[in-house]
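Start with the model itself.

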Amino acid sequence: MDGNIIFYTYGSTLELNGQQFDAGKLTEDLLNLSPDDYRPLHERMKRIRTFTADYERSKDTELWWKLNDEMDALCQDLRRYTVFRLLLDESDDAFFSVIREMTGQFSLFPPEKHEPSEDEQIEWLRDAAEKFFQLNEADHALEEDTPWKPLDLFHPSESDAELGDAFYYEMFRILGETEGTWDTYKKHIDRYEMYLHDIRAFNGTIRNFIKFAISKLKTNGPESYAEALYGFYNDDRIAEKLIINPITSRGDCYTRHDQYMLSYVPRELPDGTAAICQEHVTDSLQALMKADYMLALNSGHNIRRCIICGKYFMLKSGVHALYCEGACPHAPGYTCRQFGTVEVQKELSRDIPKVKAKLTAFSRITKDMQRGAISQEDARQAKDYVRDLLYDALRDPKVSVEDFTEKITTERIYKRCQITRVSKPRGRPPKPKAGEVP
């Protein structure tokens with residue numbers, strides 16, 4: 001309930017809420033929260049802030065009820081992504097349920113509100129605690145093999161924590177709509193808003209790092225990734241444009257340093273083995289996601305963006321993969337990796353004119369290379385450019401076949417890639433004339 005995030009790292013594994021993940025898996029999933037997916041979340045938070053301001057001005061319970069519905073809906077939207085299914089657990093559902101019950105009894109003509117005094121609140125809580133824990137004692141007494149024991153607030157077990165949460169929610173029901181309850185609710189709003197800020201800052205920065213640094217590497221591996229990250233962080237020209245900062249990004253900020261407590265603890269792992277783990281305690285989603293991604297890079301894992309479907313995918317080897325194994329949006333029945341092969345594209349070229357135009361351009365480039373007019377490296381660069389244009393054209397229905405074909409003429413490709421074509425004489429050399437020395 002306090003917003004703290006506790007996670008463990010060991011080897012190339014990150015553990016969150018009792019679940020183990022290969023380093024980079026949480027990052028791979030969150031990066032696929034696209035700008036189009038994020039926009040509704042941002043709009044919902046704007047409505048939440050509007051309801052918050054209106055409620056603080058009018059103290060109308062109906063506004064709080066509507067605000068709570070928006071918060072609950074935002075929670076469900078975020079849970080489409082793995083990290084939030086773990087961070088926003090049943091306690092968030094219980095909290096919103098209590099507030100819904102508390103604010104759901106509004107009327108069109110509410111009576112004048114009376115804020116209970118501190119002594120009254122203490123008396124209500126004392127009575128509620130006695131009744132609540134007496135019920136708990138009675139329930140445990142029915143179990144012969146499990147003798148009842150008091151709630152230990154300093155060394156709680158899992159069942160103690162659940163009991164403590166239950167009493168926490170009961171406390172809200174008892175106190176009702178008070179300033180203290182509202183202050184606690186606003187902390188939830190602040191926490192969710194910070195999650196959205198961290199998503200924008202982390203996703204925007206890491207996408208730029210993958211696009212402009214990782215994807216340009218000639219060799220993949222932990223050392224290459226470290227060099228790329230050093231250049232990305234320390235080149236002032238890059239830092240200003242590619243790292244999310246408050247000046248250019250409406251207050252969002254990708255932080256290079258995070259505040260959290262770090263401990264080394266020997267513990268049993270969910271799979272039954274044991275290890276000395278790094279225990280991280282933080283209130284920052286950014287800190288969690290950076291720990292996951294940086295651990296992935298140090299472990300030799302790499303996250304790339306599929307050039308066909310645009311989804312991010314993780315590789316555990318140093319291969320230069322361009323395609324993921326997901327379903328291809330342009331050819332049902334094929335994965336993106338299968339669609340990217342020349343053999344499959346030859347089959348599809350009869351039904352997809354843009355693919356046919358791309359194969360024709362590839363053929364012209366290959367012939368130029370075979371004649372020695374361009375080098376092998378020039379041919380690779382030209383084909384990469386044509387391939388990028390193809391997948392952009394397939395994703396954009398506004399690009400016609402004619403427009404695409406015009407973009408991939410040999411002249412325009414070579415000019416764009418700064419390739420100089422070397423002309424060589426064709427055919428057989430002429431025979432020397434009589435009296436000429438061959």
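Helices (H or I, at least four residues) and strands (E, at least two) are DSSP runs, numbered from the N terminus. Isoleucine 276 sits in strand S5, residues 274-282. This is a predicted model: local features need pLDDT of at least 70, and side-chain atom pairs count only at pLDDT 80 or more, while totals for chains, interfaces and linings use all residues. Residues are numbered from 1 along each chain, and side-chain values use heavy atoms, without hydrogens and water.

Isoleucine 276 counts as exposed, at 66% relative accessibility. Buried means under 20% relative accessible area, exposed over 50%, and partly exposed in between (1.4 Å probe, protein chains only).

Now the salt bridges. The term means a side-chain nitrogen of Lys or Arg within 4 Å of a carboxyl oxygen of Asp or Glu. By this rule there are 29 salt bridges.

Arginine 57 and aspartate 54 both belong to helix H2, three residues apart, about one turn of the helix. Arginine 57 is exposed at 63%; aspartate 54 is partly exposed at 22%. Glutamate 377 and arginine 380 lie in helix H15, also three residues apart. Glutamate 377 is partly exposed at 45% relative accessible area, and arginine 380 is partly exposed at 43%. Elsewhere, salt bridges link Arg44, Arg47, Glu70 and Asp77 in a network.
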